[in-house]
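Here is a short briefing on strand order and helix packing. Please look at the fold before reading on.

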Amino acid sequence: MSIQKIGVAGAGTMGNGIAQCFAASGHDVVLFDIAQGSLDRALKTIAGSFDRLIKKGALDETSKQAALARITTTLDLNDFKSCQLVVEAASENFNIKSQLFKDLDALMPAEAILASNTSSISITKLATVTQRADRIIGMHFFNPVPMMALVELIRGLHTSDATFTTIEALSKAIGKTPVQVRNNPGFVVNRLLCPMLNEAIFVLSEGVASAAEIDESMKLGLNHPIGPLALCDLIGLDVVLAIMQVLYEGFKDSKYRPAPLLIEMVEAGLLGRKSGRGFFDYA
Ligand code: NAD
């Protein structure tokens, strides 16, 4: 199936980046949110992101205006009816996503594909609320979407080969590198990354080294562009904890237990950059 018009549900951090990538690659985009403020902020963010590309010489003003003209915003889900694909990027909450998938399943044409950008919810489980489990897939982009090349394509138990190949081709058409991932907790990147971040927190709490020394070690010893504790602060300690809990619950394996210090810092509201303090101070 050829995909020209794409709905994006949720215009937050990820939704606006996803909408930008589709529009920049020549697709018509309908961007939906339940909050007008999110839609207004999204359009500003996208325009700002295009301006940075112009400054770098990677885009010209005409292409920017053409891409922006391909994006329409709406508070009405019915405006998705003419789309061949919807990518859901609403808040990470099963009740919100399952209601959206139920509503989309009822209103979208039978052949339309529904994708979710969820970081942790089972694609197989999401598919059960619809009558089109073969046309449900995970499209897990990385933040910031316009900069990051990877998209994990998550196959639920019922995702068809046709759905996968259509979304794989689309991912390549927008300049991303897709990898095929079987539905499982944390997919690939978060499954590998978060236990490493969690271990860095154990190392800190055991007094093996200071936060600055742990980060310096991983930057200079492994050429990581950012240390694990600074990365926790950037991602948000609440998000890291939520992913560790998904891994722990999903695999029932003690190797994924969240570090007690991580739990305590989240309880104390020390969430990293967004709260002004995490392992480092941003005041
Ligand atoms: P966000 O909080 O920035 O944006 C969420 C948006 O969803 C908000 O604008 C909110 O108004 C909207 N929303 C809430 N309920 C809705 C509904 N019923 N219909 C439509 N819109 C609704 O969140 P985000 O960081 O953009 O995350 C979105 C999704 O992307 C989540 O599933 C998250 O797990 C996933 N994700 C996030 C990142 C990241 O680094 N932030 C990375 C990969 C995947």
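At what angle do the axes of helix α7 and helix α11 cross? The axes of α7 (residues 189–205) and α11 (residues 260–267) cross at roughly 95 degrees and come within 8 Å. The two helices are therefore roughly perpendicular to each other (65 to 115 degrees counts as such). This is a predicted model: local features need pLDDT of at least 70, side-chain atom pairs count only at pLDDT 80 or more, and totals for chains, interfaces and linings use all residues. Residues are numbered from 1 along each chain as its sequence is written, and side-chain values use heavy atoms, without hydrogens or water.

- From α7, the contact (heavy atoms within 4.5 Å) uses Asn198, Ile201, Phe202, Leu204 and Ser205.
- From α11, Pro260, Leu261 and Leu262 take part.
- By class, this contact has six nonpolar, two polar and no charged residues (nonpolar: Ala, Val, Leu, Ile, Met, Phe, Trp, Tyr, Cys, Pro; charged: Asp, Glu, Lys, Arg; polar: the others, Gly among them).
- Axes are lines fitted to C-alpha atoms, for helices over the stretch in contact, and angles run from 0 to 180 degrees between N-to-C directions.

**Sheet**
- Eight strands form an open, mixed sheet, ordered β3-β2-β1-β4-β5-β6-β7-β8.
- Helices (H or I, at least four residues) and strands (E, at least two) are DSSP runs, numbered from the N terminus.
- β3 (71–74) and β8 (177–182) are the edge strands, each pairing on one side only (pairing takes at least two DSSP bridges).
- The twist averages 25 degrees from one strand to the next.
- β6 (residues 136–141) and β7 (residues 150–155) run antiparallel, joined by five bridges.
- Met139 stands opposite Leu153 in β7.

**Helix on sheet**
- Helix α4 (residues 94–107) lies across β1, β2, β4, β5 and β6.
- α4 runs at about 170 degrees to β5 (113–116).

Note on methods:
Angles under 35 degrees count as roughly parallel, over 145 as roughly antiparallel, 65 to 115 as roughly perpendicular and the rest as oblique.
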